[in-house]
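Hi everyone, thanks for making time for this one. Could we have the sequence and the structure up on the screen, please?

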Amino acid sequence: TRVDKGGHRHFMAKEIAEQPHVIGEALSHYLTADGRDIALPDTMPDFAGVDRLVLVACGTAYFACVTAKYWFERIARLPVEVDIASEFRYREPPVADGTVALFVSQSGETADTLAALRYCADKAAHVVSVVNVPESSIARESGTALPILAGVEVGVASTKAFTCQLTVLYLLALKAARQRGHLDADALADRLSALRSLPGILNHALAQDRSAKKVARKLAEADDILFLGRGLMYPLAMEGALKLKEISYIHAEAYASGELKHGPIALIDKRMPVVVMAPRDALFDKTVSNMQEVMARGGKVTLVTDEAGLAEAGDGVTHTLVMPTVADDLAPILYAIPAQQLAYHTAIAKGTDVDQPRNLAKSVTVE
Ligand code: G6P
């Protein structure tokens, strides 16, 4: 299929804008007709009999896996090990009987992810993959291949594939919680109905593009940028830093807010912008106190939060991006949008090649 930019300046902009639509597609694929349950293929193992889940991927797909660990452990009470494929495969980790090994890949062709999959298949694990390209090697070699239905993604920096991966992984965590007795039928139906309102909420976030662009003009002047987040916002902070590095060539790194005082606080000065991703959730107060530590040392903070967070953040924040309110567990999918917009507009301000960044490939099929 031929894809064009659909009136956008870059594929990346088009793919960012498509997210409400493709997430809607993924939801209609996986939700049952009454919208109260999740339908998975018969080959999918029942999570009730599983005592450990292994998640393996590279790049952006890896950060989707780290996010999923929080969901599986908290909602489904299922222990998760998560690793990057290039480390996992050579560590020769023990893979016990009954392990479900789940591989996430947009292309389905990443060499290290495929090798890690073969390693687990050899050890008789149940191999499940979450892929965008259904006819890919990873999909073909899996016991169960679950499509993310993002459509063709052309921009080297992954955007819509990431949020579709998150959507499918969240559905799996909910299914696991239901099968393991941690969610009753009504609670599951409630969560699915919240999920169905997500595409509409994402449209509101997309409409904040001009604010993100203004902040990005400032970020483009920096040599280094620090992203902070806690809980579910920590993997998202890592993805935000990756996105920015990939296309703007500005060094960015992410830290769990609670680790700030164990190192990165030494770097804080007025020249290194700090992006704090923090919806008003149970951990918000803790993140605010980390943010104050940054500001007390002259650090310039961009706070990405919601109305309630904005009201409680106090003075001293340099820039804010205000997101719609969303259920706590869905925040990583929503906050992916400002992370993508910041990276996109910073890259434009720097004049880099957004869709084809130097030295990077869309799919890494060699080691
Ligand atoms: C490359 C791409 C990234 C992608 C990673 C994993 O580095 O540039 O955008 O996240 O590979 O690719 P996969 O196709 O396995 O998701």
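Predicted model: local features only at pLDDT ≥ 70, side-chain atom pairs only at ≥ 80, totals over all residues.

You'll find glutamate 92 in the loop that runs between helix H4 (85-91) and strand S3 (100-105). What makes me point at it is the backbone: glutamate 92 is not a glycine, yet it has a positive phi of about 50 degrees.

There is another residue of this kind. Leucine 149 is not a glycine either, and its phi is positive, at about 60 degrees. Is leucine 149 buried or exposed? It is buried, because 20 other C-beta atoms lie within 10 Å, and 20 or more is what buried requires. Leucine 149 sits in the loop between strand S5 (144-147) and H7.

As for Tyr335, leaving aside residues up to four places away in sequence, it touches Met233, Leu236, Met277, Val304 and Met323.

Now to how H7 packs. Two packed helices are described by the angle between their axes and the distance between the axes. Take helix H2 (residues 19-30) to begin with: its axis is 9 Å from that of H7, at an angle of about 30 degrees. Angles under 35 degrees count as roughly parallel, so H2 is roughly parallel to H7. Their crossing is right-handed. On the H2 side, the contact is made by Gln19, Val22, Ile23, Ala26, Leu27 and Tyr30; H7 brings Lys160, Thr163, Cys164, Thr167, Val168 and Leu171. Sorted by class, that contact has 8 nonpolar, 3 polar and 1 charged residues.

Then there's helix H14, residues 331-350. The axes of H7 and H14 are 9 Å apart, and the angle here is about 175 degrees. Anything over 145 counts as roughly antiparallel, and therefore that is what we call H7 and H14. Phe162, Thr163, Leu166 and Thr167 of H7 meet Pro332, Ile333 and Ala336 of H14. By class, that contact has 5 nonpolar residues, 2 polar and no charged.

That's my tour, so over to you for discussion!

Notes. Residues numbered from 1 in each chain as written. Contact = placed C-beta atoms within 7 Å. Axes fitted to C-alpha atoms, helices over the stretch in contact; angles between N-to-C directions. Helix = DSSP H or I, 4+ residues; strand = E, 2+ residues; numbered from the N terminus. Parallel < 35°, antiparallel > 145°, perpendicular 65-115°, else oblique. Left-handed = near helix turned anticlockwise from the far one by under 90°. Nonpolar A, V, L, I, M, F, W, Y, C, P; charged D, E, K, R; others polar. Buried ≥ 20, exposed ≤ 12 C-beta atoms within 10 Å, placed from the backbone.
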